[in-house]
Amino acid sequence: VRILDMTHVQAGPTCSQLLAWMGADVIKFENPTGDATRGQLRDVPNADSLYFTMLNCNKRSITVNMKNPEGKAVFVELLKKCDIIMENFGPGVLDRFGFTWEKIHEINPRIVMGSIKGFGSSGPYSDFKAYENVAQAMGGAMSTTGTPEGPPFVTGAQIGDSGTGLHLAIGLLAALHQRDRTGQGQYVEVAMMDAVMNLCRVKWRDHQRLSHGALTEYSRPTEGLKATPRAGNDSGGGQLGNAIKCKPGGVDDYIYVVVQEAVWDALAKRIGPDIGQPGLAEDSRFAKIGDRRKNQTEMWKYIEQFAANYTKREFMGILNPLDVPCGPIMSTEDLANDEHVRGRDMYVELDHPQRGKWFNVGMPIKLSASPAVVKRSPTLGEHTEEILREVLGFSDAQIDAKKQAGAFSMPPKKK
């Protein structure tokens with residue numbers, strides 16, 4: 001599978017990097033100045049930024065000037081040789097170059113086109129621009145993240161950009177399968193707002209439940225609400241859960257604990273005697289899950305009182321034999337040095353000709369017969385001639401002629 005990847009920044013590159021790790025030949029199609037993220041948040045002088053390198057591994061880079069007729073001609077030839085074209089330009093950008101979906105489909109009826117937009121190509125928001133946090137704001141994530149008495153928060157996970165890219169990858173694979181059956185490509189669109197709504201699915205469950213009564217699993221009152229509230233660290237599921245503070249009390253010295261019905265008796269018997277509550281397992285306030293929901297504030301206080309004597313890892317060691325679902329809050333520093341993470345190739349060291357040694361997050365999908373091998377991102381235009389020769393079959397003379405015509409570079413600035 002060959003992909004002509006015109007995407008930039010985060011949403012589209014997330015998708016194409018994932019497909020590259022699965023074995024696709026991804027041609028990163030850049031203008032001569034390159035993807036803007038090559039220079040954004042740069043930490044090493046004169047080197048591609050981590051913003052770029054972490055989202056563009058296993059790709060080949062070609063630079064083409066789409067404002068030049070010879071550059072456009074190269075683009076058309078690449079369209080004929082690719083299975084997928086991807087773009088995440090602002091509304092109408094590719095159309096203004098003369099390449100609507102209808103035109104692209106005419107050039108190559110088998111090609112699948114993947115498009116990421118902030119709000120899609122239809123509807124009253126379709127002309128609006130979006131960024132990660134705008135998508136979170138308008139897709140329902142921010143209004144349901146944080147504490148009820150505080151302001152809405154964005155999530156640490158990039159669900160607006162990377163989440164949208166993952167949705168597009170699924171759509172493109174489905175479209176390729178359909179193409180193999182029908183011989184015809186199709187247009188695949190994912191809007192960032194739509195993707196965030198999908199990732200907030202359980203919040204829409206709760207939104208509809210509110211019309212039938214209170215949400216009893218929430219630690220705060222929900223009677224009379226019309227919209228799903230912010231719930232702090234409440235689990236949001238059928239079982240109660242919360243983040244419990246441990247010693248020594250630092251910003252990440254917490255462990256998330258889920259108290260299932262089946263584990264309460266053993267948990268209560270373990271922690272009760274140590275906190276002066278030897279009869280905790282028989283306490284009627286916590287006898288059944290319904291009782292614990294009503295009195296969860298007190299239950300969490302007891303658990304946190306016990307946890308104050310242990311680090312998050314020590315408390316995890318106590319809870320695991322009791323079969324209590326739990327996990328310490330892991331900082332990026334914790335994860336970067338974690339044996340489990342390294343053992344699963346989820347923090348991979350790479351070498352780059354400009355920046356030297358660096359790390360990337362690995363491939364989260366583990367394939368038994370075709371495991372991903374993570375390779376560094378390309379420098380700007382690194383594979384231009386290689387792609388022209390191998391993919392398009394251009395001779396040296398043809399490449400030189402295109403170069404002279406300005407197909408791969410910006411015209412010199414006027415003095």
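How many of the six residues of strand S2 (residues 25–30) are buried? Five of them are, so S2 is largely enclosed by the rest of the structure; buried here means under 20% relative accessible area, exposed over 50%, and partly exposed in between, with a 1.4 Å probe and protein chains only. The structure is a predicted model, in which local features need pLDDT of at least 70 and side-chain atom pairs count only at pLDDT 80 or more, while totals for chains, interfaces and linings use all residues. Residues are numbered from 1 along each chain as its sequence is written, and side-chain values use heavy atoms, with hydrogens and water left out.

The overall picture comes first. The protein has 17 helices and 11 strands, where helices (H or I, at least four residues) and strands (E, at least two) are DSSP runs numbered from the N terminus. Its C-alpha atoms fill a box of roughly 85 × 50 × 50 Å, taken along the principal axes. Of the 415 residues, 45% count as buried. Among contacts (heavy atoms within 4.5 Å) with a separation of 6 or more, 66% come from residues 24 or more positions apart.

Strand S2 belongs to an open sheet of six strands, with parallel pairing and the order S3-S2-S1-S4-S5-S6; two strands pair if DSSP finds at least two bridges between them. The edges of this sheet are strand S3 (59–63) and strand S6 (187–191), each of which pairs on one side only. On average, neighbouring strands are turned by 20° against each other, direction ignored. On one side of S2 lies strand S1 (residues 2–5), which pairs with S2 in the parallel sense over four bridges. Within that pairing, Val26 in S2 is the bridge partner of Ile3. S2 also pairs with S3, again in the parallel sense, over five bridges, and here Phe29 has Ile62 in S3 as its bridge partner. Helix H3 (residues 69–81) packs on the sheet, touching S1, S2, S3 and strand S4 (84–87), and its direction makes about 145° with that of S1. For such values, axes are lines fitted to C-alpha atoms, for helices over the stretch in contact, and angles run from 0 to 180 degrees between N-to-C directions.

A second open sheet has three strands in the order S7-S8-S9, with antiparallel pairing. Strand S7 (240–245) and strand S9 (326–328) are its edge strands, each pairing on one side only, and the twist averages 15° from one strand to the next. S7 pairs with strand S8 (residues 254–259) in the antiparallel sense over six bridges, and Asn242 stands opposite Val257 in S8. Helix H13 (residues 312–319) packs on this sheet, where it touches S7, S8 and S9; the direction of H13 makes about 20° with that of S8.

Turning to the helices, H7 (residues 162–182) packs against both H1 and H8. Helix H1 (residues 11–21) meets H7 at an angle of about 50°, with the axes 7 Å apart. The two are therefore oblique to each other; angles under 35 degrees count as roughly parallel, over 145 as roughly antiparallel, 65 to 115 as roughly perpendicular and the rest as oblique. H1 passes H7 in a right-handed crossing, a crossing being right-handed if the near helix is turned clockwise from the far one by less than a right angle, and left-handed if anticlockwise. Ala11, Thr14, Cys15, Leu18 and Leu19 in H1 meet residues of H7 including Gly165, Leu168 and Leu172.

The packing of H7 with helix H8 (residues 192–199) has an angle of about 95° and axes 9 Å apart, which makes H7 roughly perpendicular to H8. Here Gly163, Thr164 and His167 in H7 meet Met192, Ala195, Asn198 and Leu199 in H8. This contact is made up of three nonpolar, four polar and no charged residues.

Two single residues complete the description. Ser377 lies in the loop between strand S11 (356–361) and helix H16 (384–390), and is buried, with a relative accessible area of 0%. Leaving aside neighbours within four places in sequence, Ser377 is in contact with Phe52, Thr53, Asn56, Cys57 and His352. Gln208, found in helix H9 (residues 201–209), counts as exposed at 54% relative accessibility.

Terms used: Nonpolar A, V, L, I, M, F, W, Y, C, P; charged D, E, K, R; others polar.
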